[in-house]
Amino acid sequence: MRRGGKMRRELRGSMAFDASVLIELLLSTPGGVLVREALLRGDLFGYATELALVEAKYVLCRKLGWEEAARRVNHLALSGFIQVEDISPLCERAAELKCRMAIALPDCFTLSLAETLYVPAFFARRERELVKALSRASLDIEVLFLEDYVLG
């Protein structure tokens with residue numbers, strides 16, 4: 001399929017999910033529904049850092065309250081549709097990425113995880129500072145954005 005002059009690929013394979021993708025999934029936004037359907041079909045498998053789950057939990061807490069946020073994030077972590085990865089082995093590379101790029105530290109952990117697992121990093125939206133930093137850095141990491149898969 002074409003959108004905006006680019007080929008749109010299907011949501012399939014393994015990806016390192018940023019907290020933004022987890023939030024979309026847990027709020028059942030249109031993009032989150034696409035991710036959930038791909039996970040349920042077995043077309044998509046997600047990896048996420050412990051930090052991404054923490055970030056998703058506190059963002060959801062602000063919208064839904066602590067108990068509901070904790071329930072949703074914990075349910076996802078136990079679902080088998082994502083694998084939660086320990087951040088300890090990722091810290092050195094995440095720190096290096098943070099040193100080189102003016103992006104949020106959790107984004108550096110997502111990129112570090114993607115690089116370590118040889119899978120794409122998957123973010124919900126093209127945030128200006130992330131896109132700018134990625135365009136300047138010479139990283140060998142494929143970065144995908146959920147917004148590219150949502151018809152709009």
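Trainee: How many of the 9 residues of helix 1 are buried?

Mentor: Happy to start there, with a reminder that this is a predicted model, where local features need pLDDT of at least 70, side-chain atom pairs count only at pLDDT 80 or more, and totals for chains, interfaces and linings use all residues. Residues are numbered from 1 along each chain as its sequence is written, and side-chain values use heavy atoms, leaving out hydrogens and water. Helices (H or I, at least four residues) and strands (E, at least two) are DSSP runs numbered from the N terminus, while buried means under 20% relative accessible area, exposed over 50% and partly exposed in between, with a 1.4 Å probe and protein chains only. Helix 1 is mostly covered, and the number of its residues that are buried is 8.

Trainee: Glu24 is among the buried residues of helix 1. Which residue forms a salt bridge with Glu24?

Mentor: A salt bridge is a side-chain nitrogen of Lys or Arg within 4 Å of a carboxyl oxygen of Asp or Glu. Glu24 is buried at a relative accessible area of 14%. The closest N and O atoms of the pair are 2.9 Å apart, and the partner is Arg125.

Trainee: Which residue pairs with Arg126 in a salt bridge?

Mentor: The closest N and O atoms here are 2.6 Å apart, between Arg126 and Asp148. Arg126 lies in the loop between strand 6 and helix 7 and Asp148 in the segment after strand 7 (143-145), so parts 22 residues apart in sequence are tied together.

Trainee: In which helix do Glu68 and Arg71 both lie?

Mentor: Glu68 and Arg71 form a salt bridge, their closest N and O atoms being 2.7 Å apart. Glu68 is partly exposed at 24% relative accessibility, and Arg71 is partly exposed at 49%. The two are 3 residues apart, about one turn, in helix 4 (residues 66-78).

Trainee: How many salt bridges does a search of the whole structure find?

Mentor: Salt bridges that share partners also join Arg12, Arg41 and Asp43 into one network. For the whole structure, the search finds 9.

Trainee: Which residue in strand 4 stands opposite Ser14?

Mentor: Two strands pair if DSSP finds at least two bridges between them. Strand 3 (residues 13-17) and strand 4 (residues 44-49) run parallel, joined by 4 bridges. Opposite Ser14 stands Phe45.

Trainee: And which residue in strand 6 is the bridge partner of Ala16?

Mentor: Strand 3 and strand 6 pair in the parallel sense, over 2 bridges. In strand 6, the partner of Ala16 is Ala121.
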